[in-house]
Amino acid sequence: MESVFANVAKAPEDPILGVTIAYNKDTSPVKLNLGVGAYRTEEGKPLVLNVVRKAEQKLVNDPSRVKEYLPILGVADFNKLTAKLILGADSPAILENRIATAQCLSGTGSLRRTIYIPQPTWGNHPKVFTLGGLNVKSYRYYDPATRGLDLQGLLEDLNAADSGAIVLLHACAHNPTGVDPTREQWEQIRQLIRSKALLPFFDSAYQGFASGSLDEDAQSVRMFVADGGECFIAQSYAKNMGLYGERVGALSIVCKTADVASKVESQLKLVVRPMYSSPPIHGASIVASILKDKYVFFPCLFIICQLKLLSQMSRDITRTGSA
């Protein structure tokens, strides 16, 4: 009897993840993986940060830890600390309980009207939003001629957007260009988005990588929160803590009032329950353990700063060589 799946076509490899598959198949002794960005040793082997090892060992040795289901929104400490990391502990939105946060899968699990995305953007963004049922449009972002931000094109495109549309913004270290707006340019973008009643959606996957400072890399988000307006914030710890396989992320929704935040949180629970019911506990517990102890987190910050320096040197060399 013929298989009921006989006519199913073989799907092409993912353009990003497929590079790693090709790398693994290559037998060359001098191969280099230019696919997914991840920490590696000098020998090209996977690297786990010392700060993660320490936090994980602490969790393993804790006899009070169990394997029960988490609440629908995830690890409570993780949600509180991750909001503080992106917004700052003294954020009015936090102090006034105007944030609804849910633990999610990093990378794609936090990203689900019309949405405007930068051109170019992370390769998976268009698929994520399209399959999420959103009408995806783009706005100009990168200018190849100047290798910088096309601010005029960006402002023109967003000014033409309908009121109420969502605008995807990379919080820092724009993927794939590495081009970020200056503070003055962010202010222009903020003013336009607020005047047009657009809804900003920040994707923060590289906090700490752009400047070497967690606070500096969160300034774009904090500018939007400081004006009292509402926004979405999707965070991932895959990169800045090297927790790729743990898939640790969060979605925070900053609301006008605590009452609205409470209602939004109740709706988040309704969305999560039929999708995956409750998130995994291990990765979020590692993040929470690290963020609770700033002294443990310092080594991680040092590595981020060093990576930033190396990245900047690489970009300078590339620009000099191609000028």
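**A guided look at the sheet and its aromatic rings**

Guide: Welcome! In this predicted model, helix H9 (residues 258-275) lies across S1 and S9, running at about 20° to S1.

Visitor: What makes S1 (99-104) an edge strand?

Guide: The open sheet has the order S1-S9-S8-S7-S6-S2-S3, and S1 pairs on one side only. Strand S3 (135-140) is the other edge strand.

Visitor: How do you know that S1 and strand S9 (residues 249-254) pair?

Guide: Pairing needs at least two bridges, and S1 and S9 share 6 bridges in the antiparallel sense. They therefore count as paired.

Visitor: Why are Trp-186 and Phe-202 called a tilted aromatic pair?

Guide: Ring centres must lie within 6.5 Å, and here they are 6.1 Å apart. The planes make 45°; stacked means under 30 degrees and edge-to-face over 60, so this pair falls into the rest, tilted.

Visitor: What parts does this pair tie together?

Guide: Trp-186 belongs to helix H7 (residues 183-195) and Phe-202 to strand S7, so the linked parts are 16 residues apart in sequence.

Visitor: How do you know whether Trp-186 is buried or exposed?

Guide: Buried means under 20% relative accessible area. Trp-186 has 7%, so it counts as buried; Phe-202, at 0%, is buried as well.

Visitor: What makes Lys-31 lie over the face of Tyr-23?

Guide: One condition is a distance within 6 Å of the ring centre, and Lys-31 is at 4.3 Å from that of Tyr-23.

Terms used
Residues are numbered from 1 along each chain as its sequence is written. This is a predicted model: local features need pLDDT of at least 70, side-chain atom pairs count only at pLDDT 80 or more; totals for chains, interfaces and linings use all residues. Side-chain values use heavy atoms; hydrogens and water are left out. Helices (H or I, at least four residues) and strands (E, at least two) are DSSP runs, numbered from the N terminus. Contact means heavy atoms within 4.5 Å. Axes are lines fitted to C-alpha atoms, for helices over the stretch in contact, and angles run from 0 to 180 degrees between N-to-C directions. Rings of Phe, Tyr and Trp (its six-membered ring) pair if their centres lie within 6.5 Å; planes under 30 degrees apart count as stacked, over 60 as edge-to-face and the rest as tilted. Buried means under 20% relative accessible area, exposed over 50%, partly exposed in between (1.4 Å probe, protein chains only). A charge sits over a ring if NZ of Lys or CZ of Arg is within 6 Å of the ring centre and within 35 degrees of the ring normal.
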